[in-house]
Amino acid sequence: MAPNSSDANGVLFESDAATPDMAIPNTPVMKADNYPKKFVWRNIIAFAYLHIAAIYGGYLFLFSAKWQTDVFAYILYVMSGLGITAGAHRLWAHKSYKAKWPLRLILVIFNTLAFQDSAIDWARDHRMHHKYSETDADPHNATRGFFFSHIGWLLVRKHPELKKKGKGLDLSDLYADPILRFQKKYYMILMPIACFVLPTVIPVYGWGETWLNAYFVAAMFRYAFILNVTWLVNSAAHKWGDKPYDKSIQPSENISVAIFALGEGFHNYHHTFPWDYKTAELGNNKINFTTTFINFFARFGWAYDLKTVSDEIVQSRVKRTGDGTHPLWGWGDKDHSKEEMDAAIRINPKDE
Ligand SMILES: [Zn+2]
Ligand SMILES: [Zn+2]
């Protein structure tokens, strides 16, 4: 068993699992103390400005900007989204697949465009989120409420428990990658260029957009939009939705979030099987664009060693810990045994 797993709430990697259907043996303990909130005013002011600017940017997106700028902002949203979902999340935080350096370079550029801190820092916070889910050591502990898990966690000082337990986290695999080290070292130069300067300059010189439209639409509105979409995975997908895989945890299957988060809303599955590169059982559906992106690069070997969970393991886990909402294995499915069907009480039966 992995070190510290006795006080951890969630499985982080496949090796943390201690049961045949990939769970840890202990029941999750969800808790939050009344740790006084120490405000970080610099962040409060920055996020307040960003959101006011983004609302104005949304207005300009609809009524003022050129169509090329709107399309450009949309493309940047998808690129920055993939920098988080396919990069920081599935590749770096969870090691759910491997990537050759050209793909890692693409993902690190996308990730810098997203401005959610360096991929190393993002992956560190996210590993804490899975390992100590819904406790004081979870950076966006959802038991402290929707607002805290959405944006509030970035407006206050970190909980001391997070700092204490964070020291035991192994990040050596991330620091071993020169591309990630380079991004972290030069983050305060690279990030403003990728997230704000280029998205503003390109529309102005590319197709004669005004500075005002370019800045508020392609930089501010686009940045705030993908930021909130990412946060919804921590807030909404930890609150609303079914729990077909494990009913003892808060993360839920939230399709509305998945649509905007490029496939990252199937959160009950993801917290149950975090090393699955699809972050969902039905990974190849149209909603899961991140999986399509990884599959595309897997075709010519830039993405490889893609890990996924077998049907048998999913099925046994669904039966043991699910809340009964799983859409498969209903009446008459291929796995439904004849004896069980014959033995069932059927009222007013009619076989077509
Ligand atoms: Zn989560
Ligand atoms: Zn995750």
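Me: How much helix and strand is there over residues 71-92?

Reply: This is a predicted model, where local features need pLDDT of at least 70, side-chain atom pairs count only at pLDDT 80 or more, and totals for chains, interfaces and linings use all residues. Residues are numbered from 1 along each chain as written, with chains lettered from A and ligands numbered from 1 in written order. Helices here are DSSP runs of H or I, at least four residues, and strands are runs of E, at least two, numbered from the N terminus. The end C-alpha atoms of residues 71-92 are 29 Å apart, and the chain there is 100% helix and 0% strand.

Me: Which helix crosses α2 at roughly 65 degrees?

Reply: Axes are lines fitted to C-alpha atoms, for helices over the stretch in contact, with angles from 0 to 180 degrees between N-to-C directions. The axis of α2 (residues 67-93) comes within 9 Å of its partner's, and that partner is α4 (residues 119-131).

Me: What is the handedness of the crossing of α2 and α4?

Reply: A crossing is left-handed if the near helix is turned anticlockwise from the far one by less than a right angle, and right-handed if clockwise. For α2 and α4, that makes the crossing right-handed.

Me: And what is the handedness for α1 and α10?

Reply: The axes of α1 (residues 41-63) and α10 (residues 211-234) come within 8 Å and cross at roughly 120 degrees. The crossing of α1 and α10 is left-handed.
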